[in-house]
Amino acid sequence: MAEHVLVLVTAVEPGGPLRDADGEALGAAQSLARERGCEVACALIGGGVAPAATEAAERGAGLILTAGAPGLAAFDGGRCVTIAAEAVGRAGARVVLIPRGPDVLELAPRLAARLDGASVVGATEVRAAGDDVVAVAAVFGGAARAEYAFRAPGPRVIGLAPAVAEVPERRPGRAAPTVALAIPEADGRVTTIEAAPDVSGPRLEDAKLVVAGGRGLQDGENFALIRELAQALGGMPGASRAIVDDGWASFEQQVGLTGKIVTPDVYFAVGISGASQHMAGCANARCIVAVNTDPEAPIFTFADYGIVDDALDVLPALVRLARERGA
Amino acid sequence: MPAVDASGGGLRIVVCAKQVLDPDGVNSFAFWGRLKVGGDGRSFDTGGMVPRIINAYDEQAVEAALRIRDAGVACRITVVTVGDEAAGAILKRCVAMGADDAVQIVDDAAGLGDGFRTARLLAGLIAELGDVDLVLCGRQGSDYDQGTVPAVLAERLGAALVTMSAGVAVEGDDEGRALRVVRVTPRGEEVVRAALPAVVSISNEIGTPRYPSSRRMMQARRQRPERREASDYESAPGAVGVEVTRLIVPDVQGHCRIIEGGSAAEKAERLMRRLDDRGLLGG
Ligand SMILES: Cc1cc2nc3c(=O)[nH]c(=O)nc-3n(C[C@H](O)[C@H](O)[C@H](O)COP(=O)(O)OP(=O)(O)OC[C@H]3O[C@@H](n4cnc5c(N)ncnc54)[C@H](O)[C@@H]3O)c2cc1C
Ligand SMILES: Nc1ncnc2c1ncn2[C@@H]1O[C@H](COP(=O)(O)O)[C@@H](O)[C@H]1O
């Protein structure tokens with residue numbers, strides 16, 4: 001098999017399209033493939049992958065590998081790694097790109113370990129370096145970046161950060177050879193006994209406006225002000241990890257390196273100091289507004305607009321104005 | 001005192017813990033523009049001003065192990081670390097928290113950022129300890145934020161893997177045991193059952209780790225961790241997976257416009273007007 005740069009997409013929803021992150025990975029793969037003088041392959045593992053497969057071909061993948069079965073809509077590490085390993089072989093892949101998502105933390109290193117390769121996740125940049133590739137990823141939550149060289153004999157498995165590349169344009173009717181991958185039985189070693197809640201409401205990741213609160217709120221009860229402002233502005237509430245740990249907000253509301261990555265038009269950071277691990281989740285907002293009593297707080301280095309004042313005085317005023325505006 | 005079961009009937013738990021530069025210290029160095037890269041190009045030079053501490057998730061992994069014991073399961077808990085000579089310092093705290101014993105693998109290549117190498121060394125040690133039922137790790141090192149080691153360990157040990165755990169309980173008896181693990185996912189919590197042997201990585205949602213009493217701290221100070229050399233498990237001297245070749249500290253230039261005003265309400269009003277003028281509030 002001639003070499004392909006492989007994009008590995010898991011947990012495709014039954015009949016669902018490619019996600020933005022998947023498209024970006026195809027874009028990143030295309031530039032690498034050009035440099036390596038080869039083509040892009042796309043492996044799709046999920047509940048029902050036909051529409052996503054068509055789209056991947058239309059967005060430039062020259063080889064499609066599919067594993068569609070109802071049980072694969074949710075990520076199952078043991079099975080996915082086995083399927084992915086076959087995909088790597090079929091695509092003759094030396095470089096495997098995995099779109100961002102909750103599964104990559106398990107999938108990337110396991111796949112690499114299985115094939116005697118190596119992995120880097122959260123890559124903000126992947127570039128050719130002679131015959132090989134180099135990946136760049138944030139360290140200490142973004143306080144600095146590291147450049148990684150690969151030393152293992154096997155494939156280079158790279159999990160991507162948001163916005164590493166443009167989504168390639170879609171050319172309707174473009175097709176590619178498709179290979180069905182073998183689907184192994186679940187090994188039964190890890191089984192779900194209580195599924196995560198099936199939340200179908202709006203997602204923080206998609207919100208156009210986020211109002212996030214931190215320890216500067218002084219007390220858990222004041223998180224209500226964050227919720228009120230978010231609601232009045234048609235946005236969603238978010239939180240720093242500090243107040244999630246304190247139980248003032250729920251884990252689903254956490255923004256940051258180990259929480260959600262949000263990309264709203266406006267991000268309000270209220271009583272949040274601006275630690276790199278928090279900024280990792282909101283730095284891509286179009287506009288950041290900071291409210292903090294400390295004029296030296298790091299958040300003001302990242303913010304577009306700042307108010308140096310007490311959150312508990314500013315928030316009620318903002319809520320009132322937002323409500324007047326909405327009325 | 002819950003018994004250390006030497007007869008082999010108890011659960012054998014290994015907790016993997018890593019020493020890292022205090023991330024809060026790194027943050028404030030970065031903020032004050034004092035974060036510098038050292039002469040080797042791939043580590044920070046903080047002039048010894050940022051302490052090296054136990055990776056916070058790993059302290060929580062020790063806590064997860066101790067809660068299994070608290071729940072009445074007889075177990076032996078061994079804490080292991082890979083790192084340079086100084087890295088062994090974190091083990092004392094783990095023993096003071098309640099771990100039974102500790103082993104350090106001394107490895108001078110630990111600064112290369114190669115989780116694959118670390119996992120190989122740990123897998124070698126775990127195989128040598130024998131009959132390990134459960135390996136607990138942190139979800140990621142707060143240095144490189146990669147989370148490589150638990151996944152690679154599971155592959156190398158042929159064990160089940162559960163990541164992002166907020167709680168681990170042991171079900172069943174000596175005849176047949178399994179884990180019940182609460183996981184945090186972006187949609188909320190889920191519960192899985194995992195067969196043993198297993199590797200489980202612990203996330204911060206598990207809660208605050210216990211504080212060792214000063215008596216236990218004194219006792220732990222006298223206990224010496226067992227010591228192994230990296231060459232006991234791995235013949236290659238350097239990186240085997242990935243290697244950090246360069247660190248880059250970004251130059252963050254602020255561009256914030258401070259909204260002035262006589263009162264909080266006035267500032268709020270001016271802010272809203274600005275956002276509206278830029279069409280950022282929709283509608
Ligand atoms: C590996 C790792 C992963 C992490 N992941 C995340 C993550 O995903 N998300 C995250 O958020 N954090 C994360 N953190 C934690 C992060 O480093 C910070 O500790 C955390 O973001 C701080 O939260 P905070 O800003 O609410 O609290 P603090 O840092 O305590 O800041 C509170 C701020 O409120 C201000 N303030 C005080 N009183 C008032 C008032 N009355 N009005 C207005 N302002 C006031 C203060 O000046 C201060 O700036 C992570 C850390 C590590 C090590
Ligand atoms: N040098 C090390 N010694 C012991 N355990 C480690 C080491 N490096 C990583 N680990 C374990 O693996 C987890 C994930 O770390 P990492 O793969 O470095 O992100 C950590 O939380 C530890 O539990």
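Predicted model: local features only at pLDDT ≥ 70, side-chain atom pairs only at ≥ 80, totals over all residues.

**Entry 1: what kind of model**

**Entry 2: chain B overall**

I began with the secondary structure of chain B and got seven helices and 15 strands. I then checked the extent of the C-alpha trace of chain B, which is about 75 × 45 × 40 Å along the principal axes. Chain B has 283 residues, and 54% of them count as buried. For contacts in chain B with a separation of 6 or more, I found that 71% come from residues 24 or more positions apart.

The accessible area is about 12200 Å², and carbon and sulfur atoms hold 47% of it. On charges, I got 35 positive and 40 negative side chains in chain B, with the centres of the two sets 4 Å apart.

**Entry 3: ligand 1**

Which chains surround ligand 1? Residues from both A and B do, so I put this down as a site shared between chains. There are 31 residues around ligand 1, and those that come nearest are A:S240, A:T258, A:S273, A:H278 and A:N292.

Then I went through some polar pairs. The backbone of A:R241 puts a polar atom 2.9 Å from an oxygen atom of ligand 1. The backbone of A:V255 has a polar atom 2.8 Å from a nitrogen atom of ligand 1. With A:D310 the side chain is involved, and one of its polar atoms sits 3.0 Å from a nitrogen atom of the ligand. Ligand 1 exposes 990 Å² when taken alone, and the protein buries 84% of that.

**Entry 4: ligand 2**

Which residues come nearest to ligand 2? I got B:C16, B:D58, B:V82, B:G141 and B:G147, out of 19 residues around the ligand. The polar pairs I wrote down here involve backbone atoms. A polar backbone atom of B:C16 lies 2.7 Å from an oxygen atom of ligand 2. For B:V82, a polar backbone atom is 2.8 Å from a nitrogen atom of the ligand.

On its own, ligand 2 exposes 470 Å², of which the protein buries 97%. The shell takes two or more residues from each of β6 (75-83), α4 (115-129), β8 (134-138) and α5 (148-157) of chain B.

**Entry 5: helix α3 of chain B**

I went along α3 (residues 89-97) of chain B and listed the buried residues: B:I90, B:L91, B:C94, B:V95, B:A96 and B:M97. What do the buried residues of α3(B) pack against? The partners in chain B are β2 (19-21), β5 (52-54), α2 (56-70), β6, β7 (101-106) and α6 (214-222). Just after α3(B) comes B:G98, with a positive phi of about 140°.

**Entry 6: B:I259**

I picked out B:I259, which lies in the loop between β15 (257-258) and α7 (264-277) of chain B. Buried or exposed, I asked of B:I259? Its relative accessibility is 5%, so it counts as buried; the cut-off for that is under 20%. Beyond its neighbours within four places in sequence, B:I259 is in contact with A:Y305, A:G306 and A:I307, as well as B:K267, B:R270, B:L271 and B:R274. B:L271 is twelve residues away from B:I259 in sequence, with 6.7 Å between the C-alpha atoms.

I found a cis peptide bond between B:L196 and B:P197, with omega about 0°. B:P197 belongs to the loop between β11 (188-195) and β12 (198-202) of chain B.

In chain A I noted two non-glycine residues with positive phi. A:F140 has phi near 45° and sits in the loop between β6 (132-139) and β7 (144-150). At 6% relative accessibility, A:F140 counts as buried. A:A163 has phi of about 60° and is in the loop between β8 (156-160) and β9 (178-180). A:A163 counts as exposed, at 57% relative accessibility.

Methods
Residues numbered from 1 in each chain as written. Chains lettered and ligands numbered in written order. Heavy atoms only, no water. Helix = DSSP H or I, 4+ residues; strand = E, 2+ residues; numbered from the N terminus. Buried < 20%, exposed > 50% of the residue type's maximum accessible area, 1.4 Å probe, protein only. Contact = heavy atoms within 4.5 Å. Areas by Shrake-Rupley, 256 points an atom, 1.4 Å probe, with all protein chains shown as cover. Lys, Arg positive; Asp, Glu negative; His and termini not counted. Charge placed at Lys NZ, Arg CZ, Asp CG, Glu CD. Near = heavy atom within 4 Å. Polar contact = N/O pair within 3.5 Å; in protein donor to acceptor, adjacent residues only side chain to side chain.
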